[in-house]
Each structure stands twice: as structure tokens, then as C-alpha cells.
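User: I am new to this structure. Please take one part of it, look at it closely, and then show me how the rest of the chain is arranged around that view.

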Amino acid sequence: MASEVVAKRSKLESVGGECKCHGKLPDDRFDKLRDVIDEYKDKPGSLIPVLHEAQQLFGCLPEDVQEFVAKGLGVPESEVYGVATFYSLFSLKPKGKWTISVCLGTACYVKGAADCLEALKKELGIDIGGTSEDGLFTLEGVRCVGACALAPVVVIGDTVYAKVKPEDIKRILAEHVEAHSTEAHAS
Ligand code: FES
């Protein structure tokens, strides 16, 4: 049976998304970040919530944002870098327009998720954590997304693709781009 779209997901595991950095970071976002830092500064365990807010503002956590947070909270830059790289919800690099989450949970793995992942890597020319050259897709592996009966499952943006086969990958990517271009034109 060919893969199919079975549901729309309202939320991804990742809090990333399209990066808004554009290489240069406008001051108004740093002003907002300063307000956030001031709010959390004297609270214990403030680094993670501040980084979370910073990522919401900038779309990712580039070096200058990490430095700003370190100075603002009075913690070493190495500590900020350590936390930003330890937790998968943080990203140091801009993410693609859509995140592709390949479920690597047991049920999906048994049904061939690894082959789907390989097909995606080959098609996009990237590894896990990478973003395609056209800036459209970021690839990641995730644990069970709670749809084991539909294994193997691949989630692109907020769309769930079920029973995916490696040979479906090229078509799924093309259809995803086309469907969202159509939506953009229709709105
Ligand atoms: S293991 Fe993939 S949805 Fe459960």
C-alpha cells in the first residue's frame, strides 16, 4: 500500500522553524531578549528558559545570541554553548522551512524506517541534523510519535505520512512542496 497523508499535526517536537536571522540580527530582538534576561536573571535555573525565549525570537541560537545571553546572565559562554548543544530542542543553525521527522521508534524501525531515512538523506544530500541546500528541509530522527499502527511514519512540517516506503520519498517531497505552494497561492 502506498504511503498516505493521515493527519495534520498541530505541533512538532522541535521548537525550531524557519530561521529569521538573515545573517544580521536586528537590535529590537536583542532589546526583547534583554527584557527576558532581566525577567529571569535572579531566578534559579534561568538559562534554559532564556535560551528557549531566545530561540523563539531568533529562530535559532547563533554565536552572538549565545554571547548576549552569557553576558546578560553572568554565566560563562561555554556553559551557554554546552546547554544549547545538549538539548535537542535547541538549534545553533538556521532550520529549513519544514522539518522532516523520521520516526525511529521500534515499530517504525522494524517496518523499514532506516531505509526511508537513507532515501531521504540521499534525496536531500544531507545527514540527520542537516538542512537541504535550498533551505526547504531539515532532517531529524525522532522517537515514537504515537502512530505505530501506521509504521513507518514520516512527519513533514505538520503533515503525517504513513506506511512510507523508500521509493515514495521523492514523490512525497515533491507533493509536499507543491501542496504548500498551492496553499500559499490560494490564501
Ligand atoms: S514507533 Fe513509529 S510511531 Fe511508534
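Analyst: Two residues are in contact if their C-beta atoms, placed from the backbone, lie within 7 Å. By that rule, residues 24 or more positions apart account for 68% of the contacts in the chain with a separation of 6 or more. The model is predicted: local features need pLDDT of at least 70, side-chain atom pairs count only at pLDDT 80 or more, and totals for chains, interfaces and linings use all residues. Residues are numbered from 1 along each chain as its sequence is written.

The chain has seven helices and five strands. Both are DSSP runs, numbered from the N terminus: helices (H or I) of at least four residues, strands (E) of at least two. In sequence order the pattern reads β-α-α-α-α-β-α-α-β-β-β-α. Of the 187 residues, 33% are buried. Buried takes 20 or more other C-beta atoms within 10 Å of a residue's own, exposed takes 12 or fewer, and partly exposed lies in between.

Now the close look: helix H3. It covers residues 63-73, and Val65, Gln66, Phe68, Val69 and Gly72 are buried there. Viewed down the axis of H3, these buried residues fall within an arc of 160 degrees, so they line one face of the helix. The arc is taken from the directions from the helix axis to the C-beta atoms. Glu63 and Lys71 sit on the other side of H3 and are exposed. After H3 comes Gly74, with a positive phi near 70 degrees.

H3 has a partner. Helix H2 (residues 47-58) and H3 have axes that come within 11 Å and cross at roughly 145 degrees. These axes are lines fitted to C-alpha atoms over the stretch in contact, with angles from 0 to 180 degrees between N-to-C directions. From H2, the contact uses Leu47, Val50, Leu51, Ala54 and Phe58; from H3, Val65, Val69 and Leu73. By class, that gives eight nonpolar residues, no polar and no charged. Ala, Val, Leu, Ile, Met, Phe, Trp, Tyr, Cys and Pro count as nonpolar, Asp, Glu, Lys and Arg as charged, and the others, Gly among them, as polar.

Next, the cores. A nonpolar core is a set of buried Ala, Val, Leu, Ile, Met, Phe, Trp, Tyr and Cys residues joined through C-beta atoms within 7 Å. The largest has 27 residues, and Ile100, Val102, Cys116, Leu120, Val153 and Val154 touch the most other members. Two or more residues each come from strand E2 (98-103), helix H6 (113-124), strand E3 (137-142), strand E4 (154-156), strand E5 (159-162) and helix H7 (169-186). H6 gives the most, six residues.

Some single residues complete the tour. Val155 is in strand E4. It counts as buried because it has 22 C-beta neighbours inside 10 Å. Val155 and Ser101 are 54 residues apart along the chain, yet their C-alpha atoms are separated by 5.0 Å. Pro152 lies in the loop between E3 and E4. A cis peptide bond joins Ala151 to Pro152, with omega about -5 degrees. Lys163, in the loop between E5 and H7, has a positive phi near 50 degrees, though it is not a glycine. Tyr87 is in the loop between helix H4 (77-86) and E2. Tyr87 counts as exposed, with 12 C-beta neighbours inside 10 Å.
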